[in-house]
Amino acid sequence: MIRCCIFLIFAVLPFCGLQAQDTAISPRYPGAGRFEGEVAVGATFGYASLGSFDNDAAGFCLVAESRYNFRRTPFDVGLRLGGSCYSRLAAGVCSQDPFMMFSLMAVADYNLHLTPKVALFAGAGIGGAYVLRTAEGAVSDTPSSDCAAFCVMPRVGCECWNRLRVTLGYTCTERANRHLSLTFGIAIGGGRR
């Protein structure tokens with residue numbers, strides 16, 4: 001599915017007139033507000049191939065993000081607070097083990113306009129995460145317990161109608177708790193870029 005999405009994005013890009021965001025299109029549209037927030041929910045998919053786990057199951061994630069939009073440049077920076085939960089099926093057992101992670105990251109995005117109502121963005125986040133019941137014991141000899149870890153998250157997405165944001169991100173942290181998330185969010189403030 002990810003390959004299909006990436007293929008579609010690159011297939012459409014040559015036919016679109018791309019331009020970076022600007023401050024003022026006209027007096028009626030003064031550009032994006034300097035500050036905006038976002039609340040998003042979505043699905044999380046955990047790392048599948050761990051030693052004592054057969055499979056992983058999709059879970060949910062909740063994200064709150066605040067951003068500062070730079071004037072005259074297509075960049076914005078912000079702070080992202082997120083929580084995710086997904087489960088794994090232990091080998092030979094019918095019950096699922098839940099895994100939860102909370103993260104706080106500084107994020108930055110580069111925005112490209114496809115049309116006045118659609119913009120693509122690509123960016124990354126860097127910060128820390130707190131993992132409840134890490135599965136690191138499944139890939140090493142350490143016992144499972146809570147831990148704090150460094151994390152990085154590359155991401156791509158699309159903003160439609162200056163409000164609806166769809167984001168695909170991959171959180172890279174300790175090997176056992178890496179996961180992919182797909183979120184749907186509502187931007188509050190900001191307005192037309």
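Close-up 1. R165 is buried, at a relative accessible area of 0%. Buried means under 20% relative accessible area, exposed over 50%, and partly exposed in between (1.4 Å probe, protein chains only). The model is predicted: local features need pLDDT of at least 70, side-chain atom pairs count only at pLDDT 80 or more, and totals for chains, interfaces and linings use all residues. Residues are numbered from 1 along each chain as its sequence is written, and side-chain values use heavy atoms, with hydrogens and water left out. R165 meets E159 in a salt bridge at 2.8 Å, N to O. A salt bridge here is a side-chain nitrogen of Lys or Arg within 4 Å of a carboxyl oxygen of Asp or Glu. E159 is also buried, with a relative accessible area of 3%. D109 forms a salt bridge with R165 too, with the closest N and O atoms 3.7 Å apart. This pair links distant parts of the chain: D109 sits in strand β5 and R165 in strand β8, 56 residues apart. Strands (E, at least two residues) are DSSP runs, numbered from the N terminus.

Close-up 2. The closest N and O atoms of E65 and R155 are 2.9 Å apart, in a salt bridge. E65 lies in strand β3 and R155 in strand β7, so the pair ties together parts 90 residues apart in sequence. Both residues are buried. A network of salt bridges links E36, E38, E65, R67, D109, R155, E159 and R165. The whole structure holds eight salt bridges.

**Close-up 3. Strand β7 between its partners.** Strands β6 (residues 118-132) and β7 (residues 147-160) pair in the antiparallel sense over 14 bridges. Two strands pair if DSSP finds at least two bridges between them. A129 has A149 of β7 as its bridge partner. Six bridges join β7 to antiparallel strand β8 (residues 164-171). There, V156 has L168 of β8 as its bridge partner.

**Close-up 4. Two loop residues with positive phi.** β7 and β8 form a hairpin with three residues between them. W161, in that loop, has a positive phi of about 55° although it is not a glycine. W161 is exposed, at 55% relative accessible area. R72 is found in the loop between β3 (53-69) and β4 (75-90). Its phi is near 65°. R72 is exposed, at 66% relative accessibility.

**Close-up 5. Surroundings of M100.** M100 lies in strand β5 (residues 96-115). M100 is partly exposed, at 35% relative accessibility. Beyond neighbours within four places in sequence, M100 is in contact (heavy atoms within 4.5 Å) with S84, C85, Y130, V131 and L132.

Methods. Helix = DSSP H or I, 4+ residues; strand = E, 2+ residues; numbered from the N terminus.
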